[in-house]
Amino acid sequence: MKTEKLISYYPHGIMLKKGKDNPPSAYLTFEQLISEMKSNKIKEQIKDVRKFEYKSWGYNNAKKRLPVALFNKFKYNLNEAILKENPIKPFDVDLTDNSEGEIKEFKSKIKDKALFVMDSPSGKGLKFFIERAFNTLDPAIYLEKYKRMCNEIEKEFNINLDYAQGRIKQPFFLTYIN
């Protein structure tokens, strides 16, 4: 499944424009997404975000300009435009709900279960990916299945996850990977 082009890619973000007039620029495989996050262009954009205090107005404003992926295949930027589910699910762990020590410990433990683990754009949290099909295009059912999966991970690893990525069309902000 990692080689199927199921990731909707918006190199200029999706925050300023939505709807039928905002189709993805491309559809990416998981490998292409990871490759994009290793680029010098993303490295420079992340430096611009990290200049600001985490969650400040400047941070949030700079983050809006980062390239975005939607982890399902969409015709355009609306829920009802979903074409196909991506079995690769993104997860987010941040400093708002966990200590730096908890995140560091979790990062070493989740590597055995995840397809890939990386630092978040802030440098304060992490993102990871697990492959599991939900077999639905219904946003409400998708979110419920995502929450159940989060609960399993939270109980197994004693960590708090951000459930926002469980929305079927939640933007995934690209970050730089060494």
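This is a predicted model: local features need pLDDT of at least 70, side-chain atom pairs count only at pLDDT 80 or more; totals for chains, interfaces and linings use all residues.
**Entry 1: the three-stranded sheet**

I began with the sheet in which 3 strands are arranged in the order E6-E8-E7, and I noted that it is open and that its pairing is antiparallel. E6 and E7 stand at the edges with a single partner strand each, so one side of each has no neighbour in the sheet.

I then went through the pairings one at a time. Strand E6, residues 88-93, pairs with E8 in the antiparallel sense over 6 bridges, and within this pairing Ile 88 has Glu 131 of E8 as its bridge partner. Strand E7, residues 116-119, is also antiparallel to E8, with 4 bridges between the two. On that side I looked up two positions: Met 118 has Lys 127 of E8 as its bridge partner, and Val 117 stands opposite Phe 128 in E8.

How much of strand E8 is buried? I found that 5 of the 6 residues in E8, which spans residues 126-131, are buried, and I therefore put the strand down as mostly covered.

I next asked which helices lie across these strands. Helix H4, residues 100-110, lies across E6, E7 and E8 and runs at about 25° to E8. H5 lies across E6 and E8, and its angle to E6 is about 55°.

**Entry 2: the four-stranded sheet**

I turned to an open sheet of 4 strands, for which I wrote down the order E2-E1-E3-E9 and antiparallel pairing. The edges are held by strand E2 (26-28) and by E9, each with a single partner strand, so one side of each is left without a neighbour in the sheet. The twist in this sheet averages 35° from one strand to the next.

For the pairing that involves E9, I noted that strand E3, residues 68-70, runs antiparallel to E9 and is joined to it over 3 bridges. Leu 70 has Pro 171 in E9 as its bridge partner.

**Entry 3: the buried face of H2**

Which residues of helix H2 are buried? In this helix, which covers residues 40-50, I listed Ile 42, Gln 45, Ile 46 and Val 49. Seen down the axis of H2, these buried residues fall within an arc of 100°, so they line one face of the helix.

Is Lys 55 buried, partly exposed or exposed? Its relative accessibility is 48%, so I count Lys 55 as partly exposed.

**Entry 4: a pocket and a cavity**

I looked up the second largest pocket, which holds about 160 Å³ of space. Its lining consists of Arg 50, Lys 107, Lys 111, Val 117, Met 118, Asp 119, Tyr 176, Ile 177 and Asn 178. Which element gives the largest share of this lining? I found that it is E7, with 3 residues. Val 117 and Met 118, both part of this lining, are the residues I had already met in Entry 1, where Val 117 stands opposite Phe 128 and Met 118 is bridged to Lys 127.

How many cavities of 30 Å³ or more does the structure hold? I found 1, and the space in this largest cavity comes to about 40 Å³. The cavity is lined by Phe 71, Asn 72, Pro 90, Tyr 142, Gln 165, Arg 167, Ile 168 and Gln 170.

Notes. Residues are numbered from 1 along each chain as its sequence is written. Side-chain values use heavy atoms; hydrogens and water are left out. Buried means under 20% relative accessible area, exposed over 50%, partly exposed in between (1.4 Å probe, protein chains only). The arc is that of the directions from the helix axis to the C-beta atoms. Two strands pair if DSSP finds at least two bridges between them. Contact means heavy atoms within 4.5 Å. Axes are lines fitted to C-alpha atoms, for helices over the stretch in contact, and angles run from 0 to 180 degrees between N-to-C directions. On a 1 Å grid over the protein atoms alone, a cavity is a set of points where a 1.4 Å probe fits but cannot get out, and a pocket is an open set with protein on both sides within 12 Å along at least five of seven lines; lining residues have an atom within 4 Å of a point. Grid points are joined across faces, edges and corners, and a volume is the space filled by probe spheres set on the points.
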